[in-house]
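Work each one on the structure, then compare with the solution.

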Amino acid sequence: MTFEYAPAPESRAIVDIKAKYGHFIDGKFLPGKKHFATINPATEEILSQISLGGASDVDKAVAAAQKAYTKTWSKLSGKERGKYLYRIARILQERAREFAVLETLDNGKPIRETRDIDIPLVAAHFFYHAGWADKLDYAGLGKSPQPHGVAGQIIPWNFPLLMLAWKVAPALATGNTVVLKPAENTSLTALLFAEVCQQAELPDGVVNIVTGDGSTGAAIVNHPGIHKIAFTGSTEVGKKIARAIAGTNKKATLELGGKGANIVFDDAPLEETVEGIVNGIFFNQGHVCCAGSRLILQEGIADELIEKLKVRMAKIRVGDPLDKNTDLGAINSREQLSKIQELTSAGDAEGAERWSPACNLSAKGFWFAPTIFTGVTQAHRIAREEIFGPVLSILTFRTPQEAIEKANNTPFGLSAGVWSEKGSRILWATQQLRAGVVWANTFNKFDPASPFGGYKESGWGREGGKHGLAAYLKEGK
Amino acid sequence: MSFYGIVDGTESSLKHFLAQLPGVDQVGADARAAMLATRSIKTTSKRWAIDTAISMVDLTTLEGADTAGKVRALCSKAVRPDPTDQTVPSVGAICVYNDMVAIARTHLDAIGGKHVPVAAVSTAFPSGRASMAVKIQDTQDAIDAGAAEIDMVIDRGAFLSGEYGLVFDEIVKIREVCGDRAHLKVIFETGELVTYDNVRKASYLAMLAGADFIKTSTGKVAPAATPPVVLVMLEAVRDFYQMTQRRIGVKPAGGIRNTKDAIKQLVLVNETAGPEWLTPEYFRIGASALLNDLLMQRMKMDDGYYASPNYVTID
Amino acid sequence: MASSKKSSTNKSAPRLEVKKTYKLFINGAFPRSESGRVYEVSASKGAFIANPCLASRKDLRDAVVAARAAQSGWAKATAYNRGQILYRIAEMLEGRADQFASEIALASGVTPKKAHDEVLAAIDRWVWYAGWSDKLSAAFGATNPVSGPYYNFTIPEPQGVIAVAPAENFLALIDAIAPAIVSGNTVVALVPGSAAIAAMSFAEVLATSDLPAGVINILTGSHDELAPWAASHMDIDGFDISGIDKKKRTELKVAGAENLKRIHNFDGAISPSRIYAFMEAKTVWHPIGV
């Protein structure tokens, strides 16, 4: 008796993708030049044409943001700013399904995740920050902290709309205006968000969206009219930005890469731990900066847990992201797929043992089966370099101290996980771990009230919570 | 007696075994159950799930006001849930109090329902508060009257006060009474056990003591068969099979009121214990109102429009 | 509610309004006072407006039972959820702003412009409080650097059931209720005099919102009669007496001492300390050790 799940596709009819997009500047959609195709990574179908923003587009956008800041936004009370953000939050809730489908088409991630995780968090971010707009005196930054002015924001392709929310909501709540560049692979939900700004009657120029590639991003970073930069992306580009702004007055927050260690002690709640490991590395196809990509397993339970993990992985449903029962969607791009293939080949070459469940992968689109490597040591490339895919490297430890040392032995410091039923052990581990986010007996949990960001080469600053406001404000008296 | 070679029948051996079971993280278990509840079961798989669920229903009446007439009506419904549609399968079993067993068995045999077993609740159901002698007699009476399945309750008071040996011994004794004439389901009353750790412990305790099925609830106490509770029990039977090569069944009872709930249970089975459990031999659903909702959903799938309670029979 | 507008000019008699009956709001329902009593509210120029219920101590007793029953569920809701429920109430108030303004103008005698300003200020105030639900830990919580291998944190929690006795106007009612419930307390509000008129429309908004029954209960009537009963009630945890005559406050505080009720009056300053006044701080220790 097998229980096959019949196809359960979410309908695409709810989205209306234009053939071509320009930029959203000063409250209007302007035509762009130099278009490039954006595709659905699950099918390689072309979804639309996106404009490659150049220096003049960035100039226009920064000017609009500056004008909006000076003439309108800085003159509004926090109470009124907050109301715009509440409106945006509510409209996002109203149009939630539309955004979820569009994000799935553009990014390749499953509809279950966009519908149940990404989009609800997006609305929550705006809702949470709306409430801060008129309470900044209580943010721990003195009385009347002031915004910087115009923020330049560059976001990645792994959580397109959520990363937009993480950037735009606090920037606006604190009184800044914004020029935002979405990732070139995933610009569609940002462009649809511009419509929400119009529906919310957000004053012109408060939010500006300029699409493009790395050169567009560089134009934003280097623009003299940008006072504050917020970047989420690779550590490599983060370092470029740090170099570029050295010696200027520009402030920057950087949210970069990671190689999160997920430590499992032998007294962990085993079943839920397996679930947490799966969620930690296969959620969002592993395209997660804070992914639990290194499993550091107490030797005594390693065999038992790896067996359970394999049984569980065989149940992961890989396939059409628009099918409501899909767990693992498409890899976001051909480039990313090549990177994953390169690093996993290195894993094989360096002597780690690869395992994946049997998967029926479509010939079209970019796909990678959920994969684990056992017999991994710290020296392996797959233990040191961020793969950014559904690949888990498994190492073992004997003593708690050894687990911590291995976990911390990385230039990254974004996230870590600890699994144990013993409270004091969890708190001891969290105290030792050099990571900006530590999850105990859970993983990949996000909330607008919970600050997120990394130690060391995982970046500068925090997003979310009271701590996340600091980056967008100058301390008051 | 050998308890799969895992415990030796003493309380200390049992306590030792139960103590080394990994704990259940409540939040994690809830999250896993909630995620599985998002599965979208449509078209052909939904149709299959509905028929499978019907065949797994233990159609139940356990009221003080039960009469011969009520039980006979239930039996008719059990054999032919929809008199206008012969393709609807019979249910998994009839479940009644032990003094109704003979009536049920006779009537079932008379109406072409020889293939439908009669399950009897036993051991001072639902409270479990009576002497061992009474519990044994209760069980014996039911089997003599024709019950092929016994649904016993554990002594929750003993369990909650840590007297695992007592709980274990009672199950062993009732299993002896069942012999090879009846299969034994052991009811935990998970709403009273409260924690998932207790549910896991009770699962292993019952299986080691000889249960053929582990069952969530009497249906008299809420919460009953919540998805995380069923999840923990399915994990236990899965792992027990790994350890012993013996497949134990699971029966959620109580709170499964409509087709959506029933399909969620089947998804839990499918993705936890596995498809080998997706048969009435290893999975039953204790319910009464559920059957009509399954029938209405079945009608809607066949006819293409929404059904009405007027078109299904009451029992 | 008597209309202050005439119908359009036509020869036949103006359309007769369907007037509202004023009840109490307890546990999400609208019962009359068990005492059967009412009191008359007239417009500033003397025209009859309505007979709101004159709540009795037994109504207060019932309201406290309802508030207590609702409190643990309300406190267990996530802060985000509470914030959203409160924000949606503001959306409904905004939609009814004209109704509230005309009721306030009629009952209190202020100009329509002043009444409108008061309503909009009240809505904005409500939104301000709604936004605090998920920021209270940031403002009033802490992790504490104790000397020893312990993780030590302080979290603010709601106290339970709070009685409020605001002054006789709509803004004061909002200002008393919102800070009490945003953190997870439930409220019994004693609404005096002509403030009953707008308070009843407010209750209608609450009844059709997502606010669970019993979280806010509204008793219209006399402060003099009800406040002492609230002050001495052993199952009320806090009491906001900002609207009570200054001369009568001491005796309430004396009565409240019986269960060490947290009794406060606020001088109109808008601050989150008004929220914190009805919260407790819980500090937890947990060893850190392998």
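**Exercise 1.** Describe the contact between chain B and chain A, from residue counts to residue classes.

Solution. The contact takes 23 residues from chain B and 21 residues from chain A, two residues being in contact if their C-beta atoms, placed from the backbone, lie within 7 Å. Next, look for the helices of chain B that each supply at least two residues of the side touching chain A: these are H2 (26–36), H3 (43–56) and H12 (259–271). Helices (H or I, at least four residues) and strands (E, at least two) are DSSP runs, numbered from the N terminus. H2(B) gives the most, with four residues. Finally, sort this side of chain B by class: eight residues are nonpolar, nine polar and six charged. Ala, Val, Leu, Ile, Met, Phe, Trp, Tyr, Cys and Pro count as nonpolar, Asp, Glu, Lys and Arg as charged, and the others, Gly among them, as polar.

The model is predicted: local features need pLDDT of at least 70 and side-chain atom pairs count only at pLDDT 80 or more, while totals for chains, interfaces and linings use all residues. Residues are numbered from 1 along each chain as its sequence is written, and chains are lettered from A and ligands numbered from 1 in the order in which they are written.

**Exercise 2.** At what angle do H8(C) and H9(C) pack, and which residues make the contact?

Solution. H8 (residues 223–232) and H9 (residues 249–256) of chain C pack at about 30 degrees, with their axes 7 Å apart. Axes are lines fitted to C-alpha atoms, for helices over the stretch in contact, and angles run from 0 to 180 degrees between N-to-C directions. H8(C) and H9(C) are therefore roughly parallel to each other (angles under 35 degrees count as such). Ala227(C), Pro228(C), Ala231(C) and Ser232(C) of H8(C) meet Leu252(C), Ala255(C) and Gly256(C) of H9(C). These contact residues divide into five nonpolar, two polar and no charged.

Technical notes
Angles under 35 degrees count as roughly parallel, over 145 as roughly antiparallel, 65 to 115 as roughly perpendicular and the rest as oblique.
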